[in-house]
Amino acid sequence: MKKGKFMVPTCISCGSKVWPPSHRCPYCLSKTSLKKIETTGILLEFSSSHIKGKEGVFGLIEMSGIKLIGSFGTPQLKEGMKVKMTRCGVRPDGTAFYSFAPAKA
Ligand SMILES: [Zn+2]
């Protein structure tokens with residue numbers, strides 16, 4: 001993820017996606033390995049933030065069976081619409097960020 005590629009730990013035994021990321025599967029306690037997943041998902045809900053320094057539009061996205069919070073550069077959103085991850089990475093303070101944009105139909 002530090003290189004801007006989105007990877008999700010997947011259990012090598014039962015195939016479960018482990019989110020939030022962990023080295024052990026929470027279901028069968030087997031090891032996990034990082035796998036690239038499809039970065040197109042569905043926007044479940046979204047809201048705008050007006051908190052100083054954190055202005056923007058944030059949405060809850062379901063993608064390949066996991067849910068995560070992403071930021072959008074546009075308020076032109078609809079619940080249930082298809083969205084695509086455009087960028088991901090780690091901020092200097094160590095927190096992960098995910099940027100999304102509406103997917104072209
Ligand atoms: Zn497992």
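View 1. Trp19 is partly exposed, with a relative accessible area of 24%, whereas Phe6 is buried at 5% (buried: under 20% relative accessible area; exposed: over 50%; partly exposed: in between; 1.4 Å probe, protein chains only). The model is predicted: local features need pLDDT of at least 70, side-chain atom pairs count only at pLDDT 80 or more, and totals for chains, interfaces and linings use all residues. Residues are numbered from 1 along each chain as its sequence is written, and side-chain values use heavy atoms, without hydrogens and water. The structure holds 3 aromatic pairs (ring centres of Phe, Tyr or the six-membered ring of Trp within 6.5 Å; planes under 30 degrees apart are stacked, over 60 edge-to-face, the rest tilted). Phe6 and Trp19 form a tilted one, 5.8 Å centre to centre with 55 degrees between the planes. Phe6, Trp19 and Tyr98 make up one aromatic cluster.

**View 2. Ring pair of Phe72 and Phe100.** Phe100 is buried at a relative accessible area of 2%, and Phe72 is buried at 6%. The ring centres of Phe72 and Phe100 are 6.0 Å apart and the planes stand at 35 degrees, so the pair is tilted. Phe72 belongs to strand S5 and Phe100 to strand S7, so the pair ties together parts 28 residues apart in sequence (strands: DSSP runs of E, at least two residues, numbered from the N terminus).

**View 3. Lining of the second largest pocket, by class.** The lining divides into 7 nonpolar, 4 polar and no charged residues (nonpolar: Ala, Val, Leu, Ile, Met, Phe, Trp, Tyr, Cys, Pro; charged: Asp, Glu, Lys, Arg; polar: the others, Gly among them).

Definitions and conventions:
Helices (H or I, at least four residues) and strands (E, at least two) are DSSP runs, numbered from the N terminus.
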